[in-house]
Amino acid sequence: MRAIVMREFGGPDVLRLEDVPEPGPRGGHSLVDVTLAGINYADVHVRDNTYLAPVELPYIPGNEVVGTVDGGRRVVGLTRGGGYAERALLHRRVTWDVPDAVTDEQAVALALQGNSAWHLLFTSLRITEGESVVVPAAAGGVGSLAVQLAAHAGARVIALAGSEDKRSLAAELGAHAVVDSTAEDLTERIVAAAGGPVQAALEMTGGVTFARTLAAVAPRGRLAVYGFAGGEQASVPARDLMERSITLSGFWLPQLYADRTALPTSMRALFDAVADGRLRPLTGTAYALGEAARAHHDLAARTPTGKLALDVTR
């Protein structure tokens with residue numbers, strides 16, 4: 001079968017198309033004929049060897065796929081690598097039938113990014129109606145879904161994005177206010193847009209953006225961290241948290257894979273929201289399988305909006 005294989009760590013050019021053997025049988029898993037493989041920032045961290053879990057080379061990246069099993073049943077699921085390929089193994093606990101009302105392009109945005117957005121908001125931050133919440137990268141995969149989910153929950157969403165087009169899109173998705181994420185006075189802009197310090201915030205950039213976002217959080221507020229896309233991990237003195245009674249939590253979706261209720265609950269809610277029109281996954285570019293390196297170049301440049309995927313049929 002065709003697959004994207006990494007034989008070394010490095011830039012996008014280490015992603016090369018090769019012919020490799022199909023995955024062998026494994027207990028509790030199904031072999032899926034992959035249609036679309038989702039592209040995520042986690043794949044970038046795998047590629048440059050900064051991922052939260054160790055990776056052994058050679059390695060096939062990709063942590064979510066949409067495809068068919070049993071002669072045509074459409075499924076979406078999460079993998080621990082192996083997604084950038086014509087066939088992949090999915091464990092039954094993290095595999096879900098795709099409803100007829102949900103397209104493949106919508107489904108591939110839900111397994112990793114949709115579940116992440118849902119649990120960041122409702123499990124980590126526990127947002128409630130009327131609270132203000134900061135959502136970074138608001139036109140991206142996780143961010144665009146988080147804007148909509150938070151707005152429908154009655155929160156006042158302060159959306160961060162680096163371009164005018166992306167900020168306009170975030171406003172269309174339901175953001176109460178939009179802020180330029182590249183501004184040096186980011187803290188002040190967030191506070192002004194929210195009408196005061198915010199009760200909750202998501203953070204996935206790291207570095208100075210982390211510090212500026214944390215500074216905008218109100219006493220007894222909450223901040224959930226789920227990435228460091230800017231390449232610089234952040235740290236914060238415990239004293240700073242204690243002085244304002246800030247709750248700082250980390251989030252990594254694979255910690256929920258073994259939970260028998262967490263992901264089934266969120267997937268059901270996400271599917272229902274897409275089916276009835278309350279949630280609109282933004283479908284971005286679908287690259288041919290052999291264009292994985294170009295897809296990673298584009299992702300690093302932060303030019304795309306919505307969900308990027310590899311069309312494994314091409």
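Where in the structure is the place of Ala101?

**View 1. Ala101 sits in a loop.** Ala101 is found in the loop between β7 (95-97) and α2 (104-107). Helices (H or I, at least four residues) and strands (E, at least two) are DSSP runs, numbered from the N terminus. This is a predicted model, in which local features need pLDDT of at least 70 and side-chain atom pairs count only at pLDDT 80 or more, while totals for chains, interfaces and linings use all residues. Residues are numbered from 1 along each chain as its sequence is written, and side-chain values use heavy atoms, with hydrogens and water left out. Leaving aside neighbours within four places in sequence, Ala101 is in contact (heavy atoms within 4.5 Å) with Gln106 and Ala275. From Ala101 to Ala238 the C-alpha to C-alpha distance is 47 Å, and the two are 137 residues apart in sequence.

**View 2. The largest nonpolar core.** This core has 53 residues. A nonpolar core is a set of buried Ala, Val, Leu, Ile, Met, Phe, Trp, Tyr and Cys residues joined through side-chain atoms within 4.5 Å. Buried means under 20% relative accessible area, exposed over 50%, and partly exposed in between (1.4 Å probe, protein chains only). Val76, Leu78 and Val133 have the most contacts inside the core. Among the elements that give it two or more residues are β5 (73-78), α3 (110-124), β8 (132-135) and α4 (141-152). A second, separate core has 32 residues, including Tyr59, Val69, Ala88 and Leu299.

**View 3. The surroundings of Leu78.** Which residues does Leu78 touch, not counting residues up to four places away in sequence? Among them are Asn63, Glu64, Leu90, Val94 and Trp96. Leu78 also touches Ala111, Leu112 and Asn115. Leu253, Tyr257 and Leu263 complete the list.

**View 4. Helix α3.** α3 has 15 residues, yet its end C-alpha atoms are only 18 Å apart. A straight helix would reach 21 Å at 1.5 Å a residue; the expected span is 1.5 Å times one less than the number of residues. Because 12 of its 15 residues are buried, α3 is largely enclosed by the rest of the structure. The buried residues include Leu110, Trp118, His119 and Leu121. Just after α3, Arg126 takes a positive phi of about 50 degrees.

**View 5. Helix α4.** α4 has 12 residues and reaches 17 Å from its first C-alpha to its last. That is close to the 16 Å expected at 1.5 Å a residue. Is α4 mostly covered or mostly uncovered? It is mostly covered, with 10 of its 12 residues buried. Among these are Gly141, Val142, Leu145 and Gln148. The buried residues of α4 pack against α3, β8, β9, α5, β11 and α9. Just after α4, Gly154 has a positive phi of about 90 degrees.

**View 6. The second largest pocket.** On a 1 Å grid over the protein atoms alone, a pocket is an open set of points where a 1.4 Å probe fits, with protein on both sides within 12 Å along at least five of seven lines; lining residues have an atom within 4 Å of a point. The volume of this pocket is about 440 Å³. A volume is the space filled by probe spheres set on the points, which are joined across faces, edges and corners. Of the 22 lining residues, Arg26, His29, Arg80, Gly81 and Leu89 lie nearest the centre. Strand β6 (residues 87-91) gives the largest share of the lining, 5 residues. The lining divides into 12 nonpolar, 5 polar and 5 charged residues. Here Ala, Val, Leu, Ile, Met, Phe, Trp, Tyr, Cys and Pro count as nonpolar, Asp, Glu, Lys and Arg as charged, and the others, Gly among them, as polar.

**View 7. Backbone details in loops.** Most residues other than glycine have a negative phi, and most peptide bonds are trans. The peptide bond from Leu57 to Pro58 is cis, with omega near -5 degrees. Pro58 is found in the loop between α1 (41-47) and β4 (64-69). Asn49 lies in the loop between α1 and β4. Asn49 is not a glycine, although its phi is positive, about 65 degrees. Its relative accessible area is 47%, so Asn49 is partly exposed. Ser245 lies in the loop between α8 (238-244) and β13 (247-250). Phi of Ser245 is positive, near 50 degrees.
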